[in-house]
Amino acid sequence: MTDRPPIRFRGRSFLAMVLAPVPPVDQWLAELDALKQRAPAFFSVRAIILDVTGLRFERSDLAHLCEELNRRSITILGIEGIGPTSLGPGFPPPLVGGKPVEDIAPPEPGAAAPAPAEASAAEASAAAAPALVAPASPPRPRSFVLDAPVRSGQVIQHLDGDVTVLGSVASGAEVIAGGSIHVYGALRGRAIAGAVGDPAARILARKFEPELIAIDGLYKTADDLGGSRWGQSVQARLEGDAIVLVPLD
């Protein structure tokens, strides 16, 4: 049997426009129609997120709204502001964790639609209705340093560079970095380095007891890692398509 490359999971950021309906929804849809009439191609090259935060929608109301948007050739990629148990088959997936950026003005009559290349410049974000998202967020620092420990249930995500945790990462916690991850205490939770495609990323921990580690999309659980380096000062890195563990001492 021919060896196949391992499955990889990677992150990727896209610019998304967030539509946040306000009641009465029929009037909001009429305003959206007027916007589409001024710029017919404006929605055709954009990823669209539907934000229903704060709206008391029944499931049937949400289904009707999605149908109305679909009838206007507006395809919804995800829904923000509603619990996953409120959705079901036929609905876009629920989304959480979007980072808001500044609004921009709707297009003027006759304005050209943006080129598709602009749709990969930034992350999805929330805005007012009918909300339009700025093309890019302000630059963030390359590295992120956390002075406090990461408690169980917390998720630390920094896709623009390295993450340094001066304390420990508890079981049930997760640290996600675009670059390397440095843990000066015990690593007992999950550490995902090189999350946006960096095979040179590494995971370094003073006490190595993780539930899961990943580098550039390659994952290993605690069972896969074995016990040879358990509890030691360890550096995890990629060699080809394998995660290797080497002592820090």
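Select E174 first: beyond its neighbours within four places in sequence, E174 is in contact (heavy atoms within 4.5 Å) with Q154, V155, I156, R190 and I192. Before going on, note that this is a predicted model, in which local features need pLDDT of at least 70, side-chain atom pairs count only at pLDDT 80 or more, and totals for chains, interfaces and linings use all residues. Residues are numbered from 1 along each chain as its sequence is written, and side-chain values use heavy atoms, with hydrogens and water left out.

Stay with E174 and show strand β8 (residues 174-177), where E174 has its place. Helices (H or I, at least four residues) and strands (E, at least two) are DSSP runs, numbered from the N terminus. E174 is buried, because its relative accessible area is 16%; buried means under 20%, exposed over 50% and partly exposed in between, with a 1.4 Å probe and protein chains only.

Next, move to β14 (residues 234-239) and select β11 (residues 203-208) with it: the two strands pair in the antiparallel sense over 3 bridges. Two strands pair if DSSP finds at least two bridges between them. To find one of these bridges, pick A205, whose partner in β14 is V234.

Which strand pairs with β14 over 6 bridges? Select β15 (residues 242-247), which runs antiparallel to β14. Here E239 has A242 in β15 as its bridge partner. Zoom in on the turn: β14 and β15 form a hairpin with 2 residues between them, and G240 in that turn has a positive phi of about 65°.

For the next stop, select V145 in strand β5 (residues 144-146). Is V145 buried or partly exposed? V145 is partly exposed, as its relative accessible area is 48%.

Of its 249 residues, 38% are buried. Among contacts with a separation of 6 or more, 44% come from residues 24 or more positions apart.
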